[in-house]
Amino acid sequence: MAKKEHILIIGAGLCGSLLALRLAQRGYDVTVYESRPDLRTTDISAGRSINLALSDRGFKALRLAGVEDKAREICIPMYGRLIHDTEKNTFPSNYSGRDGEYINSISRGDLNGLLLTEADAFYNLTIYFNKECKGIDLDTNTASFYDHETQQKFEAHADLIFGTDGAGSALRKSYYLERKFLFSFSQNFLTHGYKELEIPASKDGTHLISKDHLHIWPRGDFMLIALANLDGSFTVTLFLSYDDGTYNFNNLTSAEKVTSFFEDQFPDVVELIPDIAAEFFNNPTGALGTVKCSPWYYKNKTLLLGDAAHAIVPFYGQGMNASFEDVTIFDGILENHEGDWETIFKTFEKKRKRDTDAIADLAIDNYYEMRDHVANPIFKEKRTLEMAFEKNFPKDYSSKYSLVTFNEEIPYYRAMTLGRAQDKAILNMISANEIDVNDDDLKAILRKVKEETNDLLEEDKIAGLK
């Protein structure tokens, strides 16, 4: 049965297209306006990460919308990290000690295109491209747009407006520019930016390095990562300071400097990318930032979701998954309070805000872990112990990474607090020689870890930290 409300969604990216699809499935009249061209017919990937890590929280949302199986068909499973040192040696590190737990490399464009195509099947859902939102009148619920095709301005009114238009959200901007209510907003950038490169496929279209891993070249102050694509290529991302250190984006200004940098720090990558300097200069440098804000809604008329409400840096592979989980959580609240939009919006933010703040903080943590710690001997011991726990006691232990990535029923905040306590317990006991990762009595070690973890959680509780 069709609902009386007309819903306008700003942004047809991953979160917006999934939200639109789900609302259309529920019978709402939905109109979506997207500032960019239709990515199914135009290449608009330049400067953006073109492949992402899809994991359990994301699949749960796709399952809700009935598109999980189609999404899995365009995924490449990654079972762990493969660490590359400067001597061209590699060291594998699984994501989980349990069988069947892995993350997936997936093309942003392919997944977005899949969702848009699914949305096209609904008569009550219309998507317009090349329509850039310039602002929203919060009192009249009217959005102003610029049509890049006709070069004309126009307005659109709706009963409800949802902003899923990313970190630069026009709806969020209207919240603080119109000053209709007290609105808190922070946008914090890392001192590092990122640049996309590509390892091409071999002549026969196969992958030149393992497609079963997320590749990491950790170098302390900077790093390189690579994820496989279906066509045999790899999307490579360099994370580097803008102006600090011996090597930075501001001083890598010539082909000679770029080539010398890669030959010195990533010699095996130089062998895989035919003209590394040309690849470097042909791609833009992007910024890495975190957005937090509150409230996400205005009265019972507008709501922010996804990156528009909580953009995060990419180092936990959870940006897309968190945005998709927004749709899952919102759908459950809508099921329980349909028609009462004020309650729906308030309940959604109350239930979700602490968790999205948590994954934002975890993403920053994982940046330093991937860049600095994955090659650290004590960190390696911790990971060895965690893998053994998960393999031998699969129901009794999950690492912080597993809690976040493979336990979609555990909220991010709970995964963060428990995971951090476990990490601290294990690292403290290894450093103090209170446990030996080579000890045969693994069950006794797990018991010690759990006891120490519980003590740390209790201390945090007493201190008011949880």
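This is a predicted model: local features need pLDDT of at least 70, side-chain atom pairs count only at pLDDT 80 or more; totals for chains, interfaces and linings use all residues.
Contact here means heavy atoms within 4.5 Å.

## Helix α6 and its buried face

Helix α6 spans residues 255-265, and its buried residues are V258, F261, F262 and Q265. Viewed down the axis of α6, these buried residues fall within an arc of 90 degrees, so they line one face of the helix. An α-helix has 3.6 residues a turn, so residues three or four places apart point the same way. The elements against which the buried residues of α6 pack include both strands and helices: β13 (184-199), β15 (223-228) and β16 (234-241), together with α7 (267-270) and α8 (276-281).

## Helix pairs

Two packed helices are described by the angle between their axes and the distance between the axes.

| Helix pair | Axis angle | Axis distance |
|---|---|---|
| α1 (residues 14-25) and α4 (residues 108-119) | roughly 25 degrees | within 9 Å |
| α12 (residues 377-392) and α14 (residues 412-431) | about 120 degrees | 10 Å |
| α12 and α15 (residues 442-462) | about 110 degrees | 11 Å |

The axes of α1 and α4 cross at roughly 25 degrees, which makes α1 roughly parallel to α4. The crossing of these two helices is left-handed. On the α1 side the contact is made by L14, S17, L18 and L21, and on the α4 side by R108, L111, N112, L115, L116, E118 and A119. Sorted by class, the contact of α1 with α4 has seven nonpolar, two polar and two charged residues.

Helix α12 takes part in the other two pairs of the table, with α14 and with α15. The angle between α12 and α14 is about 120 degrees, and α12 is therefore oblique to α14. Their crossing is right-handed. Residues I378, E381, K382, L385 and E386 in α12 meet D423, I426, L427, I430 and S431 in α14. The residues of this contact divide into five nonpolar, one polar and four charged.

For α12 and α15, the angle is about 110 degrees, which makes α12 roughly perpendicular to α15. The α12 residues of the contact are L385, A388, F389 and N392, and those of α15 are L442, I445, L446 and V449. By class, the contact of α12 with α15 has seven nonpolar, one polar and no charged residues.

F330 is located in helix α10, residues 319-337. Its relative accessible area is 1%; buried means under 20%, and F330 is therefore buried. Leaving aside residues up to four places away in sequence, F330 touches L19, L23, F162, L303, L305, W341, I344, F345 and F348. The C-alpha atoms of F330 and R352 are separated by 9.1 Å, and the two residues are 22 residues apart along the chain.

D159 lies in the loop between β11 (152-157) and β12 (160-163). With a relative accessible area of 38%, D159 is partly exposed. Again not counting residues up to four places away in sequence, D159 touches K4, E5, H6, N141 and K301. One of these contacts, K4, is 155 residues apart from D159 along the chain, and the C-alpha atoms of D159 and K4 are separated by 9.0 Å.

## Backbone features in loops

The peptide bond from S294 to P295 is cis, with omega near -5 degrees. P295 lies in the loop between β17 (285-294) and β18 (297-298).

Positive phi values occur at K88 and at R179, neither of which is a glycine. For K88, phi is near 75 degrees. K88 belongs to the loop between β5 (80-84) and β6 (90-94) and, at 41% relative accessibility, counts as partly exposed. For R179, phi is about 55 degrees. R179 is found in the loop between α5 (170-178) and β13, the latter being one of the strands against which the buried residues of α6 pack. At 70% relative accessibility, R179 counts as exposed.

Technical notes: Residues are numbered from 1 along each chain as its sequence is written. Side-chain values use heavy atoms; hydrogens and water are left out. Axes are lines fitted to C-alpha atoms, for helices over the stretch in contact, and angles run from 0 to 180 degrees between N-to-C directions. Helices (H or I, at least four residues) and strands (E, at least two) are DSSP runs, numbered from the N terminus. Angles under 35 degrees count as roughly parallel, over 145 as roughly antiparallel, 65 to 115 as roughly perpendicular and the rest as oblique. A crossing is left-handed if the near helix is turned anticlockwise from the far one by less than a right angle, and right-handed if clockwise. Ala, Val, Leu, Ile, Met, Phe, Trp, Tyr, Cys and Pro count as nonpolar, Asp, Glu, Lys and Arg as charged, and the others, Gly among them, as polar. Buried means under 20% relative accessible area, exposed over 50%, partly exposed in between (1.4 Å probe, protein chains only). The arc is that of the directions from the helix axis to the C-beta atoms.
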